[in-house]
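Here is a short briefing for a first look at this structure. Keep the view open and follow the topics in turn.

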Amino acid sequence: MDGHKENVLNHKEDKTVFEERARYDSPANIFTIKRPAVPKYVFIDEIKRALAPDTQTEWIVLDVGAQMGFDYPATTPLMLGRYARINAGQSLKGKFRASGEIYYGISGSGNASKADETIYWSSGDVFALPGGDETEIVAGEDGAVLFQVTNEPELIFHNLDAPSPENAPTQAALYREAEILSEMALVHDEQKADPNVTGLALHFSSEKRQKMRDIHPSIALAMNSLDANEIQRPHRHNSVAMTLPIQSNNVYSVIEGERVDWHKYAIMITPPADLHEHHNEGDERMLSLVMQDGGLYYHLRTIGFSFE
């Protein structure tokens, strides 16, 4: 046998397990690789179930992960939303593979505990908890429904465990509804006078995240509003948006030319980079809680915001 060929064969036979694991890919243009799109979606059935009088105490997951090619639950590539339905006097527990948890009180009241901290909340309040360990939510005498968002898909993607609460980037914080609305009123006229305004919004942060002006390294959270009978200027950005309509009578979005009607408390997904605008044809101000995976894009300087 030719000596060179014999050496090649021996080399193949002697490959280590690490060499056997190696794979190579050489597309002409790797930037043209396509993955399943983030879908436009409205979770109508899920909010109906959360609010139905006969629904038991449970977590209701907002999962379109399979549509995006994932084998784990996800609402967007980095975020997972849930409704928490808790009947009167009952509690609901969960342990989430996340570095932070954010909540909005849709109805009722109660308290939420993590480690040695407890937050007492009412409907209309926003609150955050650190990731890691077990969360317990106890409902008051009227029961409760909440919306929750975490970054579980992000940690699953990286195969990371949740941090301990004391090491989590997000800290427990409470944002009362009355204070949120008061803060929004203070800047309403100033924001509206800006020709580049996309929405009259209030962004949430905390003592721990104040320097970065966000509530979580991956998740940007804002309360957005639009005055009656007005249209939000069309725009786009690289971050995915999850919108929780709060005041939404006669409100709809137009996403890449397609009308998407709003349904109160039904989470709506706006895909990344899609041109979109919001229309308020009602007689009251639109109000919505908006979550985006914008934290990472701002950190990478790739938010890609533009009009039209």
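This is a predicted model. In it, Glu-101 has Leu-129 of β7 as its bridge partner.

**Strand β7 and its neighbours**
- Strand β7 covers residues 126–130.
- It pairs with strand β5, residues 100–114, in the antiparallel sense. That pairing runs over 5 bridges.
- Strand β9, residues 173–175, also pairs with β7 in the antiparallel sense, over 3 bridges.
- On the β9 pairing, Val-126 stands opposite Tyr-175.

**Burial along β7**
- Is β7 mostly covered or mostly uncovered? It is mostly covered, with 5 of its 5 residues buried.
- Val-126, Ala-128 and Pro-130 point one way from the strand.
- Phe-127 and Leu-129 point the other way.
- Residues on both faces are buried. Here, buried means under 20% relative accessible area.

**An open sheet of 6 strands**
- What is the order of the strands in the open sheet? The order is β1-β17-β14-β19-β11-β10, and the pairing is antiparallel.
- β1 (41–42) and β10 (200–203) stand at the edges. Each has a single partner strand, so one side of each is left without a neighbour in the sheet.
- Within this sheet, strand β14 (residues 241–247) runs antiparallel to strand β19 (residues 286–292). The two are joined by 6 bridges.

**Helix α5 across the strands**
- Helix α5 spans residues 177–192.
- It lies across β10, β11 (220–226) and β19.
- Relative to β10, α5 runs at about 135°.

**The cavity**
- How many cavities of 30 Å³ or more does a search of the whole structure find? It finds 1.
- The largest cavity holds about 50 Å³ of space.
- Its lining is made up of Tyr-104, Gly-124, Glu-177, Ile-180, Leu-181, Met-223, Ile-246 and Leu-287.
- Which element gives the largest share of that lining? Helix α5 does, with 3 residues.
- By class, the lining has 6 nonpolar, 1 polar and 1 charged residues.

**To recap**
- β7 is paired with β5 and with β9, and its residues are buried.

How values were computed:
Residues are numbered from 1 along each chain as its sequence is written. This is a predicted model: local features need pLDDT of at least 70, side-chain atom pairs count only at pLDDT 80 or more; totals for chains, interfaces and linings use all residues. Side-chain values use heavy atoms; hydrogens and water are left out. Buried means under 20% relative accessible area, exposed over 50%, partly exposed in between (1.4 Å probe, protein chains only). Helices (H or I, at least four residues) and strands (E, at least two) are DSSP runs, numbered from the N terminus. Two strands pair if DSSP finds at least two bridges between them. On a 1 Å grid over the protein atoms alone, a cavity is a set of points where a 1.4 Å probe fits but cannot get out, and a pocket is an open set with protein on both sides within 12 Å along at least five of seven lines; lining residues have an atom within 4 Å of a point. Grid points are joined across faces, edges and corners, and a volume is the space filled by probe spheres set on the points. Ala, Val, Leu, Ile, Met, Phe, Trp, Tyr, Cys and Pro count as nonpolar, Asp, Glu, Lys and Arg as charged, and the others, Gly among them, as polar. Contact means heavy atoms within 4.5 Å. Axes are lines fitted to C-alpha atoms, for helices over the stretch in contact, and angles run from 0 to 180 degrees between N-to-C directions.
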